[in-house]
Amino acid sequence: MHCPNRWILLWLSVSLTTFSLHAQQDPSITTYLFNTLAINPAYAGSQDYLSINFLNRNQWLGWTDGNGRAPSTQIVSAHSPFNNRVGLGLHLSHDVIGATRMTNLNAAYAYRIAFPFGTISAGVQLGLVNWAADWSRLNLRDNISLDPAFSQVRESRFTPNVGAGVYFQHDYFYAGFSVPRILTTELTKDNTNTLATATLYRHFYFTAGGIIPILSDDIVFKPAMLIRRVTGVSTATDRVGAPTSVDLDASIFLLQTLWLGTSYRWSPQGLFGNTSSHDSIDFWGAFYLSNGFRVGLAYDIGLTPIRRYSNGSLEIMIGYDFNVRMGNVRSPRYY
């Protein structure tokens with residue numbers, strides 16, 4: 001099977017070196033600090049008000065698959081306290097990579113317990129995943145039916161999802177651990193019904209961060225980090241999974257109005273793996289309007305060979321925060 005389209009060749013090479021042909025990793029987003037519910041159900045209701053957020057990510061600007069399309073992700077989320085102990089949330093994500101699409105819909109429930117040293121939340125989520133592929137979008141030179149992995153031109157499957165997490169919150173720092181995708185699900189098999197050609201594997205996330213007031217509340221420094229890990233099966237001849245990925249963030253919050261931040265994303269050597277790679281350097285900002293709306297923008301500068309064929313990645317975020325109990329907007333949240 002030959003693929004004359006350069007986009008297909010590069011996409012497959014990236015899949016081979018950064019994931020595994022068997023593994024499917026949830027999309028990475030730069031503004032995860034404003035979309036924590038998407039990776040940890042225990043975050044639901046962590047604020048005293050309803051919070052709504054929309055994000056659109058365009059991966060590898062200038063990249064095209066021949067149809068004017070490039071990888072993209074959209075996320076819509078909302079969460080709010082239900083009472084003093086319970087938080088509820090809902091998030092929907094849609095991810096397009098090449099000829100495949102994945103849509104996730106999850107409902108989250110979190111139970112919060114306040115202690116003198118902070119608040120601990122335990123959360124669960126239940127959802128539905130739709131994975132779909134249209135192999136006719138690939139520009140293949142050979143007959144597509146010759147490859148068992150593409151025996152069906154169009155495929156679609158619905159599968160359930162279960163996730164869980166814990167989240168600790170203090171006035172000056174936080175930490176969370178979550179497994180938003182617990183179930184391992186085989187999406188497709190070849191025509192011999194023996195080899196899984198697409199599989200969803202278990203995802204692990206660890207987040208931590210804090211705030212350091214520099215000038216009262218007018219200037220606040222916020223360091224943060226995120227570790228992602230996907231695990232599959234490991235045998236003497238086959239190891240399935242995606243490289244561990246680490247985001248290190250540093251940002252400044254000015255006059256409770258403007259966030260300015262930068263981050264560095266890489267897969268460190270020796271951390272659940274044997275290779276090290278530098279992914280991107282990211283810059284982002286978010287502006288809070290007085291009426292409760294916020295807008296944000298993030299730009300990733302790639303450090304991998306893909307940078308020769310793209311102009312980086314861009315995220316646009318729009319959100320709204322308001323106080324349900326009091327009916328007016330609170331000061332912007334730190335996390």
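A residue is termed buried when its relative accessible area is under 20%, exposed when over 50%, and partly exposed in between (1.4 Å probe, protein chains only). The structure is a predicted model, in which local features need pLDDT of at least 70 and side-chain atom pairs count only at pLDDT 80 or more, whereas totals for chains, interfaces and linings use all residues. Residues are numbered from 1 along each chain as its sequence is written, and side-chain values use heavy atoms, with hydrogens and water left out.

Eight salt bridges were counted, each defined as a side-chain nitrogen of Lys or Arg within 4 Å of a carboxyl oxygen of Asp or Glu. In one of them, Asp 300 pairs with Arg 57 at an N to O distance of 2.7 Å. This pair links distant parts of the chain, 243 residues apart, with Asp 300 in strand S17 (residues 293-302) and Arg 57 in strand S2 (residues 50-58). Strands are DSSP runs (E, at least two residues), numbered from the N terminus. Both Asp 300 and Arg 57 are buried.

Arg 265 forms a salt bridge with Asp 247, with 3.0 Å between the closest N and O atoms. Here Arg 265 belongs to strand S15 (residues 258-267) and Asp 247 to strand S14 (residues 239-254), 18 residues apart. Asp 247 is buried, as is Arg 265, the latter at a relative accessible area of 2%.

A further salt bridge joins Arg 265 to Asp 300, the closest N and O atoms lying 3.8 Å apart. Because Arg 265 lies in strand S15 and Asp 300 in strand S17, this pair ties together parts 35 residues apart in sequence. Through shared partners, salt bridges join Arg 57, Arg 228, Asp 247, Arg 265, Asp 282, Asp 300 and Glu 315 into one network.

Definitions and conventions
Helix = DSSP H or I, 4+ residues; strand = E, 2+ residues; numbered from the N terminus.
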